[in-house]
Amino acid sequence: SSGINAEYGGLEDGGIVGVNDFTGEEPRVALSGDVTADSIKEFVAANRLPSDVEFSDETAPIIFGGDVKSHFFVFGDKSAEGHEPLLALFRKVRKGNAGKL
């Protein structure tokens, strides 16, 4: 509808957008290219988790069971003093190198 298009902006007819509330990430991610069943499946798989996610029993099957087979891990104690600056640096590097590491 025009209300949804106004809120999320710039969608072409048939356009697909993912909306998330992942901390530090763009709240709106648009599917680019041809809209096919395969491209939608890949888009959803690539955007269903934040780019950086805390490893747990719940997230492990999603991380390792998906189509993405290359991962970059940062291990740390989130209660440690230097943890947040380490994550901030990781996020900065990740943004400029998505799909390259």
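User: Why does Arg91 count as partly exposed?

Analyst: Its relative accessibility is 25%. Buried means under 20%, and exposed means over 50%. Arg91 at 25% falls in between, so the label is partly exposed. Keep in mind that this is a predicted model.

User: What makes Asp52 buried?

Analyst: Asp52 has a relative accessible area of 16%. The cut-off for buried is under 20%, so Asp52 qualifies.

User: How do you know that Arg91 and Asp52 meet in a salt bridge?

Analyst: Look at the N to O distance between their side chains: 2.9 Å. The rule asks for a side-chain nitrogen of Lys or Arg within 4 Å of a carboxyl oxygen of Asp or Glu. Arg91 brings the nitrogen and Asp52 the oxygen, so the pair passes.

User: Why does the Arg91 and Asp52 pair tie together parts that are apart in sequence?

Analyst: Arg91 sits in helix α4, residues 83-96. Asp52 sits in the loop between α2 (37-47) and α3 (60-65). The two are 39 residues apart in sequence, so the bridge ties those parts together.

User: What makes Lys78 and Glu54 a salt bridge?

Analyst: Their closest N and O atoms are 3.2 Å apart. The limit is within 4 Å, so Lys78 and Glu54 form a salt bridge. Lys78 lies in the loop between α3 and α4, and Glu54 in the loop between α2 and α3, so this pair ties together parts that are 24 residues apart in sequence. Lys78 and Glu54 are both exposed. By the rule, the count comes to 2 salt bridges.

User: Why is the Phe55 and Phe64 pair called edge-to-face?

Analyst: The structure holds 4 aromatic pairs. In the pair of Phe55 and Phe64, the centres are 6.1 Å apart, with 65° between the planes. Centres within 6.5 Å make a pair, and planes over 60 degrees apart make it edge-to-face.

User: Are Phe55 and Phe64 buried or exposed, or partly exposed?

Analyst: Phe55 has 47% relative accessibility. Phe64 has a relative accessible area of 45%. Exposed needs over 50%, and buried needs under 20%. Each value lies in between, so Phe55 is partly exposed, and so is Phe64.

User: What makes the Phe72 and Phe90 pair stacked?

Analyst: The angle between the planes is 10°, and the rings are 5.7 Å centre to centre. Planes under 30 degrees apart count as stacked, so Phe72 and Phe90 do. The pair links distant parts of the chain, 18 residues apart: Phe72 is in the loop between α3 and α4, and Phe90 is in helix α4.

User: Which is buried and which is exposed, Phe72 or Phe90?

Analyst: Phe72 has a relative accessible area of 51%, over the 50% mark, so Phe72 is exposed. Phe90 has 15%, under 20%, so Phe90 is buried.

User: Which residues form the nonpolar patch on the surface?

Analyst: They are Phe55, Phe64, Phe73 and Phe75, with about 480 Å² of accessible area together. Ring pairs link these four into a cluster. Phe64 is found in helix α3.

User: Which residues lie nearest the centre of the largest pocket?

Analyst: Pro50, Ser51, Asp52, Val53 and Arg94 do, out of 42 lining residues. The pocket has a volume of about 1600 Å³. α2, α3 and α4 each supply at least two residues of its lining. The largest share, 7 residues, comes from α4.

Notes:
Residues numbered from 1 in each chain as written. Predicted model: local features only at pLDDT ≥ 70, side-chain atom pairs only at ≥ 80, totals over all residues. Heavy atoms only, no water. Helix = DSSP H or I, 4+ residues; strand = E, 2+ residues; numbered from the N terminus. Buried < 20%, exposed > 50% of the residue type's maximum accessible area, 1.4 Å probe, protein only. Patch = residues over 30% accessible without salt bridge, like charges linked within 9 Å, V, L, I, M, F, W, Y side chains within 5 Å. Areas by Shrake-Rupley, 256 points an atom, 1.4 Å probe, with all protein chains shown as cover. Phe/Tyr/Trp six-rings, centres within 6.5 Å; stacked < 30°, edge-to-face > 60°. 1 Å grid on protein atoms, 1.4 Å probe; cavity = no way out; pocket = protein on both sides within 12 Å on 5 of 7 lines; lining within 4 Å. Points joined across faces, edges and corners; volume = space filled by probe spheres on them.
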